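These are my notebook entries on one protein chain.

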Amino acid sequence: MALKSTDMAKNMAKKLDGSLKSESLPDRFGQSSKAASSKRERAAVIPASKLVSVNYRLPAELVNRLREQALNHEGGINLLVATALDEWLNTQDKK
């Protein structure tokens, strides 16, 4: 016995409804969405870092020496350069 087109549509809708109920919700719609929005709210409250990206051209030999020193430095190359530059600027202010 052949199904009517309306019965076929009902069966297809039941299949679709069942498959949608069995799948889990993506994170953007579930409980994770609340966590993501709260992270965004906290990020808006906490001021942005005071770090600024800067590009300079330096001689290759100087960069190699800097990288070698940074391997033994706790803060890495960024903190090493910041400390050295700060110390140099402080000596320039005293002159």
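At what angle do H3 and H4 pack, and how far apart are their axes? I noted first that the model is a predicted one. In this model, H3 and H4 pack at an angle of about 110°, and their axes lie 8 Å apart. Angles of 65 to 115 degrees count as roughly perpendicular, and H3 and H4 are therefore roughly perpendicular to each other.

Entry on the contact. I looked up which residues meet where the two helices pack. From H3, I listed Leu-66, Arg-67, Gln-69 and Ala-70; from H4, their partners are Gly-76, Ile-77, Leu-80 and Val-81. By type, I recorded five nonpolar residues, two polar and one charged in the contact of H3 with H4.

Entry on the largest pocket. I found a volume of about 940 Å³ for the largest pocket. Its lining has 21 residues, and those closest to the pocket centre are Leu-66, Ile-77, Asn-78, Val-81 and Ala-82. Helix H3 (60-72) and helix H4 (76-94) are the elements that give two or more residues to this lining. Which of the elements gives the most to the lining? I found that H4 does, with nine residues.

Entry on the whole chain. I counted four helices and zero strands in the protein chain. Along the sequence, I read the pattern α-α-α-α. What share of the 95 residues is buried? I recorded 4% as buried.

Definitions and conventions
Residues are numbered from 1 along each chain as its sequence is written. This is a predicted model: local features need pLDDT of at least 70, side-chain atom pairs count only at pLDDT 80 or more; totals for chains, interfaces and linings use all residues. Side-chain values use heavy atoms; hydrogens and water are left out. On a 1 Å grid over the protein atoms alone, a cavity is a set of points where a 1.4 Å probe fits but cannot get out, and a pocket is an open set with protein on both sides within 12 Å along at least five of seven lines; lining residues have an atom within 4 Å of a point. Grid points are joined across faces, edges and corners, and a volume is the space filled by probe spheres set on the points. Axes are lines fitted to C-alpha atoms, for helices over the stretch in contact, and angles run from 0 to 180 degrees between N-to-C directions. Angles under 35 degrees count as roughly parallel, over 145 as roughly antiparallel, 65 to 115 as roughly perpendicular and the rest as oblique. Contact means heavy atoms within 4.5 Å. Ala, Val, Leu, Ile, Met, Phe, Trp, Tyr, Cys and Pro count as nonpolar, Asp, Glu, Lys and Arg as charged, and the others, Gly among them, as polar. Buried means under 20% relative accessible area, exposed over 50%, partly exposed in between (1.4 Å probe, protein chains only).
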